[in-house]
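Hi everyone, thanks for coming. Let me put the structure on the screen, and then we can walk through it together.

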Amino acid sequence: MKPVITFALMTLRNLLRRRTIWGISIVILIALFGIGQIPSYGISNEGRFILDFGLFGLEIGALLLAIGLASNIYPRDREKKTLMPVIAVPLSRGQYLMGRFLGAAIVEAAAMLVGCVGLMIILVMNGHNVPVDMLPATGLLLVEGWFLLAVVFFFSFWTSPPLNAPLTVLLFIVSQMSVAGFIKLFPQAPGLMRTLRLILPHMDVFHIKDPIAHGIDIPGMYFFLAMLYGLAYMAFMLSLALVVFRNRDLK
Amino acid sequence: MKLTFAFLTSALLLLSACRTDYDIEEVATPQHLGTDHNDDCVECEDEDAEHVHTDHEHDADTSEPDLLRDESDENNASVISGSDRHVHDAGQRNHGTGWFFNQPWAASFIWGKMVRDSVILLILSAVMLFVPGYLRKRRR
Amino acid sequence: MEDYPLQVKELQKSFKKKLGLSSFKAVDSISFHLFPGEILGFLGPNGAGKTTTINCVLGLLKPSGGKVSLWGSQPAAPKVRRRIGYVPENPDYDELFTPFEFMMMFSSMRRLNMSRNRIYAILDRVGLSKWEEVRIRNFSKGMKQRVSLAIALQSEPELLIMDEPTGGLDPAARKEIRDIILEENRRGVSVFLSSHLLSEVETICDRAVILSKGKKVIEGKLDELMRTEDHYRIEYMVSDEQEELEIHAALLQNTIDDLRGRGYSIIRVNPLYRSLEEVFLSATTGVGR
């Protein structure tokens with residue numbers, strides 16, 4: 001485990017020294033600040049509005065962070081050949097993947113926490129209460145972000161970065177659709193579309209911004225189950241990524 | 001590799017073969033979906049009659065004209081619309097809010113499916129991670 | 001024999017071309033081994049399959065056929081990976097780190113727990129004593145090569161696998177690196193050295209394997225490879241002056257008799273040696289004696 005942690009910390013440092021993460025974080029904070037300002041232009045229920053759109057902003061931020069952080073890690077390592085000395089001697093491919101993923105996951109967690117705190121500050125500044133479920137809700141969005149991170153890593157092992165981002169966004173959109181809605185995309189083959197949709201992840205389980213915005217209590221068991229589901233899917237995507245990576249020739 | 005792929009495919013198909021899944025529109029009871037809320041339904045008429053009020057405040061906040069809407073809103077627009085729309089206590093169902101309470105957090109009957117899928121996904125992950133190595137060792 | 005630090009048996013590696021309809025054989029059934037404590041030169045023109053072979057040896061590429069073993073084990077086995085050091089060709093490390101940071105991280109990943117002073121000493125040894133805390137983005141190609149060498153040396157490996165270790169270095173730096181390789185070899189380290197610089201191989205290697213178009217064309221001790229079997233040099237004295245004569249083996253005895261008949265004294269008769277360049281060209285292109 002020590003080699004993985006060391007490599008994760010190396011990845012963390014690397015990502016923090018690059019400008020991408022700061023750029024995305026600033027965009028998220030500006031968006032949250034903007035959401036805090038809009039209600040003053042006449043929209044009623046501003047606390048609800050800030051919460052709803054703020055959590056939505058965090059979710060989009062999680063997606064952008066996942067793509068921004070991870071889509072280029074492996075292709076850059078490969079292109080610059082920084083991968084070779086690492087894989088050749090100290091680390092196995094699994095350790096490489098875990099180290100890179102953990103480093104990016106820590107950055108994603110930190111950015112989401114900053115976003116959550118930023119949203120809380122905006123709520124308080126506008127004279128609203130911070131709901132109790134705000135932190136668990138951010139936790140769920142973070143799990144969604146980690147899952148997306150795993151998806152981005154998976155795609156990065158067999159596509160180029162310019163293709164990785166649209167594929168991830170597509171999966172993100174499709175994963176929010178109902179089975180019926182998905183079948184409507186290609187009604188000629190309902191059976192195939194149903195099977196495909198049921199295999200694809202169900203990201204709607206991470207969405208609790210509506211009840212939170214309406215002050216509805218969410219059972220703790222739900223948080224636990226949704227996180228379990230998200231982490232299980234993340235583990236599955238990482239395993240799939242490793243299977244692809246293990247079978248790749250590194251020239 | 002081939003064995004892993006075969007296992008993966010069959011397990012995923014098994015997962016997809018479970019018809020009852022996350023799509024509440026397909027599997028939920030009519031009560032849960034709120035589709036029984038129509039003008040012909042006697043019970044609903046009673047319910048509607050009981051619920052026709054205007055200034056009933058929501059526990060957490062005021063009315064929710066922006067969020068609580070769906071197609072049935074349009075159908076019933078003449079009955080409940082705009083500031084006349086009645087509201088309930090937090091967590092209580094409202095007319096035209098089926099979509100709101102059809103989300104997974106509210107539909108406890110699909111939580112079991114989440115556990116099922118989590119277990120399948122974790123087993124698949126373990127198979128992908130450990131079986132190829134085990135088979136390689138056995139071959140040697 | 002299980003004890004060879006490196007053994008390659010009938011190694012094959014093919015790469016699929018576009019759409020996978022055809023393939024290209026980069027390495028075609030090559031076999032060789034590295035004896036403990038020797039320096040083996042691995043030569044060949046560009047595209048001969050040297051780097052592909054090294055990548056197979058390191059487990060970066062999966063062989064299409066044949067077998068690679070390090071001390072009798074699979075290259076991917078952790079127990080053998082701990083015993084090797086690798087210097088890649090044209091390394092391009094993450095530019096946002098310093099050599100010191102890299103050394104610390106690699107040492108931690110390899111569970112070496114090296115002290116700061118030990119790391120400074122290794123960096124000093126490879127000529128980076130004033131550059132430990134400078135980010136690699138400011139480094140030249142040669143300096144990056146030195147970082148590679150430092151990382152390879154930090155675990156005191158038993159086998160050094162080097163792919164063009166002196167590429168991009170000036171002659172003085174090349175000599176420094178050569179000296180380090182020889183020092184390591186004196187410590188008992190086996191070295192597998194791929195290089196384009198024939199003079200370098202000629203200077204430090206015990207044996208050489210030459211590849212051409214993915215196939216092994218020559219393997220042997222340098223002394224044997226460079227010695228010509230059919231030409232000899234005769235050194236003799238002609239009235240207090242030393243003269244020499246290169247002749248074909250078939251004429252050797254007659255020539256010696258003739259020289260003696262003329263009253264010249266024979267000093268020495270040696271087989272004629274070719275340069276490694278001649279051996280290389282002869283093996284890879286058919287040019288040469």
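This is a predicted model: local features need pLDDT of at least 70, side-chain atom pairs count only at pLDDT 80 or more; totals for chains, interfaces and linings use all residues.

Residues are numbered from 1 along each chain as its sequence is written, chains are lettered from A and ligands numbered from 1 in the order in which they are written, and side-chain values use heavy atoms, with hydrogens and water left out.

So, chain A. Its average pLDDT, the predictor's confidence in each residue from 0 to 100, is 84, and 95% of the residues score at least 70. Confidence is lowest in helix 2, residues 20–37, with a mean of 74, and highest in helix 7, residues 134–156, at 92.

What is chain A built from? Twelve helices and zero strands. Its radius of gyration, taken over C-alpha atoms, is 19 Å, close to the 18 Å of the globule rule for 251 residues, so chain A is as compact as a globular protein of that length; that rule is 2.2 Å times the number of residues to the power 0.38. The C-alpha trace spans about 60 × 50 × 35 Å along its principal axes. Buried residues account for 57% of the 251 in chain A, where buried means under 20% relative accessible area, exposed over 50%, and partly exposed in between, with a 1.4 Å probe and protein chains only.

Now over to chain C. C:T166 sits in the loop between strand 6 (159–163) and helix 6 (171–186). Is C:T166 buried or exposed? Buried, at a relative accessible area of 2%. Its side chain makes a polar contact of 2.6 Å with that of C:E200. A polar contact is a pair of N or O atoms within 3.5 Å; within protein, one must be able to donate a hydrogen and the other to accept it, and residues adjacent in sequence count only if both atoms are side-chain atoms.

Notes:
Helices (H or I, at least four residues) and strands (E, at least two) are DSSP runs, numbered from the N terminus.
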